[in-house]
Structures are given as C-alpha cells and as structure tokens.
Amino acid sequence: MPTVDQAVALGLTEAEFELIREELGREPNEVELAVFSLMWSEHCAYKHSKKLLRTLPTEGPRLALGPGENAGAVDVGDGWVVAFKVESHNHPSAVEPFQGAATGVGGILRDIFAIGARPIAVLDSLRFGEPDSARSRYLLDHAVAGIGHYGNSIGVPTIGGEVYFEGPYEQNCLVNAMALGLARGDALIRSAAAGVGNALVLFGASTGRDGIGGASVLASAELGEADADKRPTVQVGDPFAEKKLLECSLELLERGLLVALQDLGAAGLSSSSAEMASKGEVGLDIDVARVPLREPGMEPWEIMLSESQERMLCVVEPSRVEEVLAVCAKWEVGGTAIGTVTDTRHLRVFDGDELVGDMLVPALVDDCPLYDLAPEPPAGPLYPAPPRVLAAGVRNSREVLLALLASPNIASRRPLFEQYDSVVQSRTVRRPEQADAAVLALPGGGAIAVSIDGSGRRVACDPYTGAVEAVLECTANLACAGAEPLGLTNCLNFGNPSKPHIAWQLTEAIRGLADACRALDVPVVGGNVSLYNESADGPIYPTPVVGMVGELPDAARAGRSGFTRAGDAVGFAGPFRPRLPGSELAKLRGEALPDGLEEIDVAALRAAQEAIRDAVRAGELSSAHDVAEGGFLVAVAESCLAGGVGATLDLGPVRSDDDLDRILFGESPGAGFVVSGSEEALRRLGENVALDLFGTVGGDALDATCGDVRVTASLAELRASHAALEQLFP
Amino acid sequence: MRFGVVRFPGSCDEVDAVLACERVPGASAQLLWHGDPDLHGVDAVVLPGGFSYGDYLRAGAIARFSPVMESVVAFSRAGGLVLGICNGFQVLCEAGLLPGALLPNVERRFICRQVNLEVAQATMPFTADCSAGELLSIPVKHTTGRYYAPPEVLDGLETHGHILLRYAADGNPNGSTNDIAGVRNEAGNVFGLMPHPEHAVDPLTGSVDGLKIFSSMAHAHG
C-alpha cells in the first residue's frame, strides 16, 4: 500500500491524503493514489483559484456555451457559433520549448474540436526574459518553431499573438495558446457521458509512458534546479496524427455517431473519463488491458496517467460501435472500445478481469478541497528595476523614438509571425501587422476579429488596474478593426499562491478582470489558470492574458492600422491621459516600477472605443490604430510603417522638456487612437469622441513638430529600428 | 470543366483549392480520396498543399505511393492537366512527373509571406490568362521550397521555356535556383509551383492574381 510519503511526493498534502482515505473508507492502492494525485492537483482541480474564478461574470446575450465545457462559445449569427479558449503550456515549454509549445497548440486545438467545432485559428501569447540572454533566445527560437510546426502542419492558421521580453520571465517563460473554432450552433457536442450500457471508445494515438505526471509534477510546482530531469514528463506532439484525429472526430460527429466526446489532456485517461462520468452523473468501467500501448509492460496506473498526445474518448451506442471503428479506420486512426457506461457513479479500473481501482466519481471531481487564499500586499517592491538600456543623456525625441521602435517589446514581430501559416482555410481578411486585431471572414459575409493581450509589467505595477488595462487594450484592438466584443477567455499566469503577495496579485487581478468585464458587458466564456510560475530568481510578473472575440457586420470594412492614402488627415482621438511611470520608455531608462497606476474611467474609454468602432464599420476611416507601448509617437510611426507612407504633424505648443516626453511617449492603455481619413470624416468622428486634427498623410518620412521641437525620421530609418528582432533569427 | 483535388492524409489546402477552382466561371470541383484510384472522370487534377503523411521521411515521398497517384501518373501520360501546389509540387517531383527537387529553405525555417511572382512564360495551359512579365501577388508558405535541378537539367528548362513563374527581383524567399517558383514538364500538361494561387483568389483576403492559373486551365480545356 502507498504511504503518506508517496502521496506527498505526488504533490498531495498530508491532509489531502487523509481525506482520500476517508473518501475510500480504506487505504488507496497504487492506481487510486495515482489518479487522485492528478485529479486533486492544482492543474486539474483549480484548488487555489476556483473560488476567485466564480466571481467572474459569465452571462451574456450572445453566449452559446459558457465555462465548464472544453471550450466556450459565442453566437455569431446565421446559426453559427465561434468556440474559443486560451490555455497555458508554460512549464513544459520552460523545460523543452519546442515540444512544450507544440503540444500546447495541439492540446488547445483538441479542446476546440472536442466540442464539435472545426479549428479555424490559433493565436499565441509568449513571455521571455530579455533577448540578450542566450537562454531567452533559445526558448524563443524553439517555442516559435514548435508553435509553427504544429499549427502549420495541421492546417490551422496562426493569425495573431503577442510577445513581451522582461527579466522576470528569464527562467519561467510563458507560452499561452488560444484557438478558435467554427460550428453550427446545433452541432455542438457535450462531454457528459450518458446511456448506461453505452460503449466508451478510445481513439487516436496509442498510449505510451510520455507525459506521466506532467500535470502534477510539472504544472503544479515551482521550477527548480532539477528541471532537466523532468524532460521526460513533457509530451511529444505529432501534428499529422492530430490532423487525422481532427478530421476523424468531425466526420464521426457529422454522421451523428457520438453521444459524447472528450479530449485527453492533462492527466490523460483519468481526467477525461472522470470528467465525462461526473458531467453525466454516471459511472464508467474501464479495462486498461484493452488500451493499445506503445510499449509493453506498462502498469495500470501508467496507462491511466499517460499524457500521450492526440487521443480522444467518446461514448457510443453499442449498435454504432462498428460504424465508429470504420470511420477511424478510414482516417487511419486507431479505435478501441475500452469500457462501458454504468449507473454506479464509480470509476472502476480493470486490468482484464481484475479490478485494480475503484473510486467514487464525485470524490475525484468535486471533493478536492478548495483553499482560501491569504492575500497580503507586499511590504516592498517585489521586482528589481529593469536594467537601463537608454543612456541618461538621451533626451533627443528622435533618438528616443528610434530606441523605442527597436525595443524588443515594440519592434516588428515579423521574424516570428512569418514562421506561421496565416492564410490557410481562406478566411484571413487581416493578417499580422495589417490591423490591430486579426480578422477572419465568416460564411455569411460578416467577420470576427480576435486579439490577445496582457502586459505583465503593468499588472506588476498595479494588479487591479493592470488587469483592467489588459481588457481595455484588447477591446481597443477590436474597435480598431471595427469589432464589437462578444466574449473573453483568460489565462491567469501567476506565481505560487501560497505566498501572500502572490495571492494578493491574483486576487486583485481577478477583481480587475471581473470589474472590467462587467463594465464592458463582456462575459468570460472560459479560461485557464497557471500557478507556481516561479524560479529561484523569484516570481514572474503577474500575467493575466486576455483573449477576445468580436464581430463586425461586413468583412470588407475591416479596419487597418496603416496609413493608406496620401493627403488623408491625421487625427488623435480618445480620453488619452499619458503617463510615463510603468511605460516602455521608463523601462528603457531603468526606472523602478511605480507602486500603482493611474485610475481608469472605464465608461469613458468604452464610449471612445465604440465611437472608433462605429466609424471603422461605417467605412469612414482609412486607418485606426490604438496607442499602446511606446505612446503616441510610436503609434504614429507604426501607422506609417504599416502603410508604407509618411506623415507630417503639428502637435502645437508644450510647456517643458519633461512634458514633451510625456506627450510623445507616455502611455494610457486603450484610451488613445491614431486615425486617418478625409478631414470631413474625422470631424464627424470628433462629434462622438474627443479628437484633435493635427496632420497629413504623405511623403516618405515622419515629421512631427511639437512646440519648438521637431522630430523627423525617414521611413527607412523607422523601418531599420523597427526590424530589431531580425537579429534574433539569423 | 471539372477539377479534382486530391485529399491525402495530412493535406491542408485541399478545401481552399476546391473553393478556388469553383471561382472559375463554369467550373466545378470535387475532392478525390487518396485511397481511391478512380479519378471519377475529372478534367484536371490538383495536388494540394499541406503535409501529406506528415511530410515524414521527406516532403511528398510517401504520398507518391498512394493508390490515387498511379491513376494521376497514367492521367498525365495521357495528356491530362495536373497542377501541383506546394506539397503537390513536391509530390510531382518525387513521382518523377516534374524534373528537379525541393530542398529546405536557405534559412531553414518555415516562411509565410506574400511575394511577387514574375510570369516568365504566358502560355497554354497554365499561364495563358497572364501576360509575359506580369507580376502576380501570391503567398508562399513552406519549409521545403528551394527549387533545385542539376545544371544540365536546368539548362534544358531555361532553353525550352519550361520555367513558367519566377520570384520577382529581390523577392526570392527560399533560395531557389534561378529564382524558380514554378516549372512545367516537357509535354506542358503538368505544372508545379511552390506559391499558393488558391490563396490569391479573393480581394477580401488580399489578392485575386492566383485565379489566373485556374482560369487558364479552364480555358485550355475549352
């Protein structure tokens, strides 16, 4: 019989082990302890975050499928729904970046087709240490290659994403992947097992020893020195196998052969079978001897825990099993009936005739203790000031502009996104760097816009306001594409929640997300929590990543970020209140993070964003681009670069030298918009939102006058600075 | 005109190719299953992009042994029109229906980029709807797209005008010899190219220049 020490080694506490003994009414055997340790891990049970997550708003008029299923979904009209979800694969990627990132994409895609939607897009959100470290470059290079390897090979376009480089991610990089799927609303399938006597069919790849303990050992503990030894716990992805699995799953659904469908992710067969039984309020009998194996001699507990990729589990009426297996054979996908739905509410594991595990399903799924956090704001600064990279003497606005454009957090992401297929499936109306959000055409002529955002440094300055900013940055990006937000998914990447200051970051950030979502009427459709993102150097910046889907009625009027027409007027709109503390310029100057950010008037920002969105939708504007990192002048330069045309601006008088930096480079996330169009169109926009007209599109240089200061840079100079990341991909 | 687009396990752009073919006035398109040697009487065959059989072993190396490929070879020997796009081009080279081979890109990374192609030969049956020297804006997306042929073969291709498309000046994304983006066979009825014309058929998604390849085929068929 396993001992309490073994339970602790598997990540359980002594109290949890005692609770398991009470649940069973006896000592757990090896299989049962293994299954419990996974089901009660942070990764599967959300035991430190579940209570907080319940405070997020999850209701909305366009919600088609809320939290609880493999992915959430929103109604996009004409009977179509868009499913979407973001998930982390941080620790596997920190240990083995190529496979970690690749299987992150594979896992989130399975979540999408597990509910019956065809995956139509991937986005990714990445965080690394500063690119001057060899480790960061290694992680970046391999993670990007892994994402591309999986998405490109499976024929799902990677249409957008974001990446930040900050010291606190040096050891513990973040790899979050978001996927979207398209389905008819009436064709969605649930994961609840049903129908006593129905067969449980496992299909897809065979089962090996890879990834055992991935969820408990890797994802639910801090990173440490022995992580190289954990490489075998990282799963290995095979996008070709998943491509066949995807087409097979969708054909099974189209033929109406399935009662329920579920993917195998973290904790493998244990988690997917227990979840299916729990949702259906039934029991399941599984015979591990029938599971096709990659290698001989696997123990029952290994089969139950294996995280071998590219596998699905479905419930089928006995009379349809032959048909199901025939479809599997057509797609050259293995399929085996491995169990039966029962009315016992027990998950019973057999090895042939021998019963090797017997657990009450609610004990596995519902009875894991949930913990209250003990949040305390930190007594002092948690993070060191970033290293100064811009010399103290650099006050010249032109030099500052070029330095900001070359900053790793602002420079063009072209060397990354060119490694991703962004056009397969023939829906991509706006690719990376064409607009602030990616835009995909829908069957009826409408479109959706998608964005993913979240600056950990801002959240580190102020967890509440930083989280609000992340949501507003996302809605601002959608507005520039002309889209109205329909739903939000989030991935909460934080440190160890048993530390009071991390608990405080998490609590405050979720409060910020909840308040912003309520103020904007955007429901949360699902998400993921990744805790224990710490290394010996300390915790990561608290990083709530927000992914949002919006809709626009006419794909042909999707917005663009680049100036397009010489002679257009340039305007600046929105309740923009630029501040330097916490900005990208402050980082380049090596300034410590401020303790708190400026409070935000969410209602005012919402009104401004809606005015921009309506103008874009009406086809009034040539371009719309939101001001993010680097502030106003960087945003103008980005619009010049995206359109390949210059602009001449006169910003009027300023008071002092410091004020000039604040005006040109201060930040106010989600609040300011650089727009271009005819003067009349901009004046009409100015009736709905505060707007200054101060320039003209044209020429081959950016030429800005501010008081008696003039900043000029040719497009070639701007482009050269903006291409700084190319050096990372020789 | 009926196009048949082969679906191998691992094909990714087959549905896009069907949609592109269907944009040609009077044309229809259907999928052909890799395991079925029957071409169902189609007038032209398209081998689509993607990663047939995961590109395991070597891009296109396994797909050429599919049952459908025996029929495609026979179809091409009888003069039938065969278009290979990206992975389809790789399959055609592996099957010996086109000369040369596709090697890993010079930068050894996947690259997805809108490129300009120069029409080197505006001829029946694949590029007749273009004009010689015209620039076509079409995306490339591949890891293994560097065209290579031995010098004596290359000389023959150049001399006889078998190179139909080249990457425009300074726009060669993969290091292809002589900027070659697409070549035809000697008989002129088999054409392979790395860029994806099926992803340049709709103004909404960026360009309509690729449509000319499909419409040329339809016009050639009459």
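This is a predicted model: local features need pLDDT of at least 70, side-chain atom pairs count only at pLDDT 80 or more; totals for chains, interfaces and linings use all residues.
# A guided tour of chains A and B

**Stop one: a hairpin in chain A**

Select residues 346-351 and 354-360 of chain A, which are strands E12 and E13; these strands run antiparallel and are joined by 6 bridges. If you click on Leu347(A) and look across to E13(A), you will find Met359(A) standing opposite. Now move to the turn of this hairpin, where 2 residues lie between the strands and where Gly352(A) takes a positive phi near 70°.

**Stop two: the sheet of seven strands**

Next, show strands E22 to E28 of chain A, which form an open sheet of 7 strands with mixed pairing, in the order E23-E25-E22-E26-E24-E27-E28. Which strands stand at the edges of this sheet? They are E23 (621-626) and E28 (709-714) of chain A, and because each has a single partner strand, one side of each is left without a neighbour in the sheet. As you follow the sheet from one strand to the next, the twist averages 20°.

Within this sheet, select residues 647-650 and 701-706 of chain A, that is, strands E24 and E27, which run parallel and are joined by 4 bridges. Here Asp650(A) has Thr705(A) in E27(A) as its bridge partner.

**Stop three: where chain A meets chain B**

Turn now to the contact between the chains, which takes 22 residues from chain A and 21 residues from chain B. On the side of chain A that touches chain B, select helix H8 (134-154), helix H10 (239-254) and strand E14 (428-430), each of which supplies at least two residues. If you colour this side of chain A by residue type, its residues divide into 8 nonpolar, 9 polar and 5 charged.

**Stop four: His199 of chain B**

Select His199(B), whose place is in the loop between strand E11 (190-193) and helix H5 (211-221) of chain B. Is His199(B) buried or exposed? It counts as buried, because it has 31 C-beta neighbours inside 10 Å, and the cut-off for a buried residue is 20 or more. Leaving aside its neighbours within four places in sequence, His199(B) is in contact with Val423(A) and Ser426(A), and also with Asp16(B), Pro139(B) and Gly210(B).

**Stop five: chain B as a whole**

Finally, zoom out to chain B, which has 5 helices and 11 strands. Along its principal axes, the C-alpha trace of chain B spans about 40 × 40 × 35 Å. Its radius of gyration is 15 Å, which agrees with the value near 17 Å that a compact globule of 222 residues would have. Buried residues make up 59% of the 222 residues in chain B. Among the contacts in chain B with a separation of 6 or more, 74% are accounted for by residues 24 or more positions apart.

Notes
Residues are numbered from 1 along each chain as its sequence is written. Chains are lettered from A and ligands numbered from 1 in the order in which they are written. Two strands pair if DSSP finds at least two bridges between them. Axes are lines fitted to C-alpha atoms, for helices over the stretch in contact, and angles run from 0 to 180 degrees between N-to-C directions. Two residues are in contact if their C-beta atoms, placed from the backbone, lie within 7 Å. Ala, Val, Leu, Ile, Met, Phe, Trp, Tyr, Cys and Pro count as nonpolar, Asp, Glu, Lys and Arg as charged, and the others, Gly among them, as polar. A residue is buried if 20 or more other C-beta atoms lie within 10 Å of its own, exposed if 12 or fewer, and partly exposed in between; C-beta atoms are placed from the backbone. The radius of gyration is taken over C-alpha atoms; the globule rule is 2.2 Å times the number of residues to the power 0.38.
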